[in-house]
Amino acid sequence: MEQLDTILNLLNEEVLIKEIDQPLELAVNSFIFELPEKMTYKEFNGIMASFYQHLNQHGLRITRKLSNADALNEVIWLIENHYRGYETHGYDGALFDALSQGEEGILLILERLTATIKSIERTKYIDFIISSTVDPSNWSLRKELVRTLLERFSYLFHPDVQKLPSEQLVPCLEDLLLIVGEFGNTLKYSSTGRP
């Protein structure tokens, strides 16, 4: 099925690295900050907001220019909801890591924040590819894509999933595509989908 092949090619891990990961890594590597003699929450917030603005302007597929206040609000939300340190989590945990570990703590936070942003950007990209190539209202096409995925890549799916009728899995099309996309790079397959 040509449409499925197009989607899988666009969701290939090498494409995701080129489109999402590499630009973000280049932006991270070009970010420079000064570590204050005595770190306070204000300095911490300033570094985080500057870093987030830098990534938004230099590392995203669709760049954005944010005010300091908007950048700070967004980065605090990301940290609060996604940051996991070695023994801490959330904004308070990140602040603790920065205050107690200095530059090492800041670098850990920036690394974790970058991983979160990569994940978010990958999800947005994948959603865009799927929504722009598969009409969500075309039930029969979505059903055919599910059937073809299950046939071609049966070795990736649990036998209980394989037994389900295609109609029942149509709402899970995106998840099925993600599974195939994730393992498609590590497993070579023939035109029948067999490794």
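**Reading a helix pair**

Analyst: Helix α2 passes helix α3 in a right-handed crossing. A crossing is right-handed if the near helix is turned clockwise from the far one by less than a right angle, and left-handed if anticlockwise. Helices are DSSP runs (H or I, at least four residues), numbered from the N terminus. This is a predicted model: local features need pLDDT of at least 70, side-chain atom pairs count only at pLDDT 80 or more, and totals for chains, interfaces and linings use all residues. Residues are numbered from 1 along each chain as its sequence is written, and side-chain values use heavy atoms, leaving out hydrogens and water.

User: Which residues of α2 and α3 make the contact?

Analyst: Contact means heavy atoms within 4.5 Å. On α2 these are P23, L24, A27, V28 and S30, and on α3 they are F51, H54, L55 and H58.

User: How should I describe the geometry of two packed helices?

Analyst: Two packed helices are described by the angle between their axes and the distance between the axes. Axes are lines fitted to C-alpha atoms, for helices over the stretch in contact, with angles from 0 to 180 degrees between N-to-C directions. Here the axes of α2 (residues 13-30) and α3 (residues 41-58) come within 9 Å and cross at roughly 135°.

User: Is R142 buried or exposed?

Analyst: Buried means under 20% relative accessible area, exposed over 50%, and partly exposed in between (1.4 Å probe, protein chains only). R142 has 8% relative accessibility, so R142 counts as buried. R142 lies in helix α7 (residues 139-152).

User: And where is F153?

Analyst: F153 lies in the loop between α7 and α8 (159-163), and is buried at a relative accessible area of 0%.

Methods:
Helices (H or I, at least four residues) and strands (E, at least two) are DSSP runs, numbered from the N terminus.
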